[in-house]
Amino acid sequence: MSEKLDKLVEAVRRIWVPEFQLQSFDSAPWTPFTKKLEGARITLISTAGVYVKGDTPFTDHYGLGDPSYREIPLETENSKLEHFHEHYDHTNAYQDVNCIFPLERLKEMEKAGAIGALTEYHYSFMGYVPIPHPLMKRTAPDLVKKLKLLQTDLTILVPT
């Protein structure tokens, strides 16, 4: 681990979560994208804490983060989207939610024929999850099942 990363991990432990353990991976599964973009089924995933008004907001759980996700139907208008996440500056997101959840931009690209079809549902996490075990063991596998049911060819990840 680099010296800067060591200092960051120590700061997170000292200030927020004493039990924090950095997850490090030497490899990742890789599936080459072989379809034409114009024919792909695309799902958007954000880590900005986006949810539909009326749904349960994300919560920080006293600094432990929230490993859950929210499902956002394709037809959801931007005016119906909210976001909760205490660990990034929301200034630009309050002006235009597309900077953290660009579903509207993707709809425009789909209409123009630049991309294939958007799936019926899209997803958001609250990206602050300092204890990732529940996310890795329960939440992520559950979402992967949903992505397969949606026949997703390509996922666009918008990190915060």
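Predicted model: local features only at pLDDT ≥ 70, side-chain atom pairs only at ≥ 80, totals over all residues.

Tutor: A search of the whole structure turns up two aromatic pairs.

Student: What makes the pair of Y69 and Y123 edge-to-face?

Tutor: Two values go into the label: a pair of aromatic rings is described by the distance of the centres and the angle of the planes. For Y69 and Y123 the centres are 5.6 Å apart, and pairing asks for centres within 6.5 Å. The planes are at 80°, and over 60 counts as edge-to-face, so that's the label.

Student: How do you know that this pair links distant parts of the chain?

Tutor: Look at where the partners sit: Y69 is in strand β3 (residues 69-73) and Y123 is in strand β5 (residues 121-125), 54 residues apart.

Student: Why is the pair of Y69 and F125 called tilted?

Tutor: Their centres are 5.7 Å apart, with the planes at 55°. Ring pairs link Y69, Y123 and F125 into a cluster.

Student: Why do Y69 and F125 count as buried?

Tutor: Buried means under 20% relative accessible area. Y69 has 14% and F125 has 12%, so both qualify. Y123 is buried too.

Student: What makes R70 a charge over the ring of F58?

Tutor: R70 lies over the face of F58, at 4.0 Å from the ring centre; the distance limit is 6 Å. F58 also belongs to a second, separate core of eight residues, which includes V9, M126 and Y128.

Student: And which residues have the most contacts inside the largest nonpolar core?

Tutor: V50, L81, I100, F101 and L118, in a core of 19 residues. β1 (42-46), β2 (50-52) and α3 (103-111) each supply at least two of its residues. As for I100, the residues it touches include V50, H83, Y88 and V158, leaving aside residues up to four places away in sequence.

Student: What makes the phi of Q151 worth a look?

Tutor: Most residues other than glycine have a negative phi. Q151 is not a glycine, yet its phi is positive, about 60°. Q151 lies in the loop between α4 (133-149) and β6 (154-158).

Student: Is Q151 buried or exposed?

Tutor: Exposed means over 50%, and Q151 has 55% relative accessibility, so it counts as exposed.

How values were computed:
Residues numbered from 1 in each chain as written. Heavy atoms only, no water. Phe/Tyr/Trp six-rings, centres within 6.5 Å; stacked < 30°, edge-to-face > 60°. Helix = DSSP H or I, 4+ residues; strand = E, 2+ residues; numbered from the N terminus. Buried < 20%, exposed > 50% of the residue type's maximum accessible area, 1.4 Å probe, protein only. Lys NZ or Arg CZ within 6 Å of the ring centre and 35° of its normal. Core = buried A, V, L, I, M, F, W, Y, C linked by side-chain atoms within 4.5 Å. Contact = heavy atoms within 4.5 Å.
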